[in-house]
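Open your viewer and get your selection tool ready. We will take a short walk through a few spots, one selection at a time.

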Amino acid sequence: MQSDKKWDLVSLSTIPLIMTLGNSMLIPVLPSIREKLGVSSLQVSLIITIYSMVAIVLIPIAGYLSDRFGRKKIIIPSLIVTAAGGLVCGLGAWFLQQSYMVILIGRFLQGIGAAGAAPIVMPLVGDLFKKESDVSTGLGIIETSNTFGKVVSPILGSILAAWIWFVPFLAIPVLCLISLLMVSFLVKTPAREEEPKQTIGQFLQTVKTIFTEKGRWLYAIFAIGGICMFVVFAALFFLSDLLEDQYGIHGVYKGLLLAIPLAMLCLSSFVTGKAIGENKTRMKWADFIGTLLLTGGMFLCGLIHTGTLFMLFLFISISGIGIGMALPSLDALITEGIEKGQRGTVTSLYSSMRFIGVAVGPPVASVLEGYSHTVLFYSIGGACALAALLALSAIKPGPSRVPQPGT
């Protein structure tokens, strides 16, 4: 990798880390927040949902704006908005007795900021490096940073909330300020070529052309990415409930246990990002093998009894390894397969699909868990089998730089 770009990559890695912390570290402390605010379980769940739903809607718009005006010009204001949202949440909880609506407003602002920050990192990594192997390695590091955020989120959230329940909200502005300074001064984006500005009509026509020409493998990657994130949050939701309700495990200890499968995902993501290099065929097979491991792990979870906690964690950890193999491969394929001028738009649509997986995972797991854990994991396993089939049949990288759609 280019030695002069290492600090650029370190700085960019802070963005997905912070955006993941901004959402995920609240999950283990929602019961405390519910008690302090005096609201229902449904109302407290909206603190998580509103963040993801706002981001889903705005991510494609942020991608288009980053293609038109530049990546940093979108990322930096978005980090400021994210920090402001965290400040609104924290100060509202600190000084107002009835702060629920103020917290929702702050989370709405954080969702706006998240839409314009984390999803723009992928195309910016593609812009920074000329060698495809460097792009793949960089995307692997970005994905690892994202996953590392998920690993430390339940632990950090529990520790901060043990101090004062609203401290996790106030931690976000501090982290955003650090990231803002690093991106502003350490990320040197390449000079943009002067191109005619697209109208909205021309932009929509360009997107239509991209999906007409490359839709087969793009739709497959979108679906696989959404399924992977759905599995992550559905499985975590199930484990969190199981550890509390059946085993009476709470707080930091529960956070440490939840971090085990996520740590396996993180390690697998880092290794895969380095291993796939610029070999698109290797990316395709890493994706396929990863989704096969994921499928097998979920079906095995459905076969065993929930009383066998060690085996349950083992199979979910195997599934985490599979997801860690798939996600960096998807990131590299979609970034390398789209020209720079449209990269921000397409990768933002991909990010939206991943946010949809995050949003639907917990409620779907809650409904299916009501029947039995077997129904839950067999249903998830079926979705994972579909992802494996898509990886095998629809992703057909050719010898050229751009993966060719299947015949």
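Which handedness does the crossing of H11 and H12 have? The crossing is left-handed, a term for a near helix turned anticlockwise from the far one by less than a right angle, with clockwise giving right-handed.

Before we go on, a note on the ground rules: this is a predicted model, where local features need pLDDT of at least 70 and side-chain atom pairs count only at pLDDT 80 or more, while totals for chains, interfaces and linings use all residues. Residues are numbered from 1 along each chain as its sequence is written, and side-chain values use heavy atoms, leaving out hydrogens and water.

**Stop 1: H11 and H12**

Select residues 280–303 for helix H11 and residues 309–336 for helix H12. Helices here are DSSP runs (H or I, at least four residues), numbered from the N terminus. The end C-alpha atoms of H11 are 35 Å apart, which agrees with the 34 Å that its 24 residues should span at 1.5 Å a residue; the expected span is 1.5 Å times one less than the number of residues.

Now look along the pair. The axes of H11 and H12 come within 7 Å and cross at roughly 155° (lines fitted to C-alpha atoms over the stretch in contact, with angles from 0 to 180 degrees between N-to-C directions). H11 and H12 are therefore roughly antiparallel, the word for angles over 145 degrees. Their contact divides into 19 nonpolar, six polar and four charged residues.

Next, zoom to the start of H11, where a side-chain oxygen of asparagine 279 reaches to within 3.0 Å of the backbone nitrogen of threonine 281.

**Stop 2: H4 and H8**

Select residues 72–95 for H4 and residues 167–186 for H8; their axes come within 7 Å and cross at roughly 160°. This pair is therefore roughly antiparallel too, and the crossing of H4 and H8 is left-handed. The contact of H4 with H8 has 16 nonpolar, five polar and one charged residues.

**Stop 3: inside H1**

Select helix H1, residues 6–24, and pick out threonine 20. Is threonine 20 buried or exposed? Threonine 20 is buried, at 9% relative accessible area (buried means under 20%, exposed over 50%, partly exposed in between, with a 1.4 Å probe and protein chains only). Show asparagine 146 as well: a polar contact of 2.8 Å joins the two side chains (a pair of N or O atoms within 3.5 Å, one able to donate a hydrogen and the other to accept it).

Finally, pick aspartate 8, also in H1, which counts as buried at 2% relative accessibility. Its C-alpha atom is separated by 40 Å from that of glutamine 43, 35 residues apart along the chain.

Conventions
Helices (H or I, at least four residues) and strands (E, at least two) are DSSP runs, numbered from the N terminus. Angles under 35 degrees count as roughly parallel, over 145 as roughly antiparallel, 65 to 115 as roughly perpendicular and the rest as oblique. Ala, Val, Leu, Ile, Met, Phe, Trp, Tyr, Cys and Pro count as nonpolar, Asp, Glu, Lys and Arg as charged, and the others, Gly among them, as polar.
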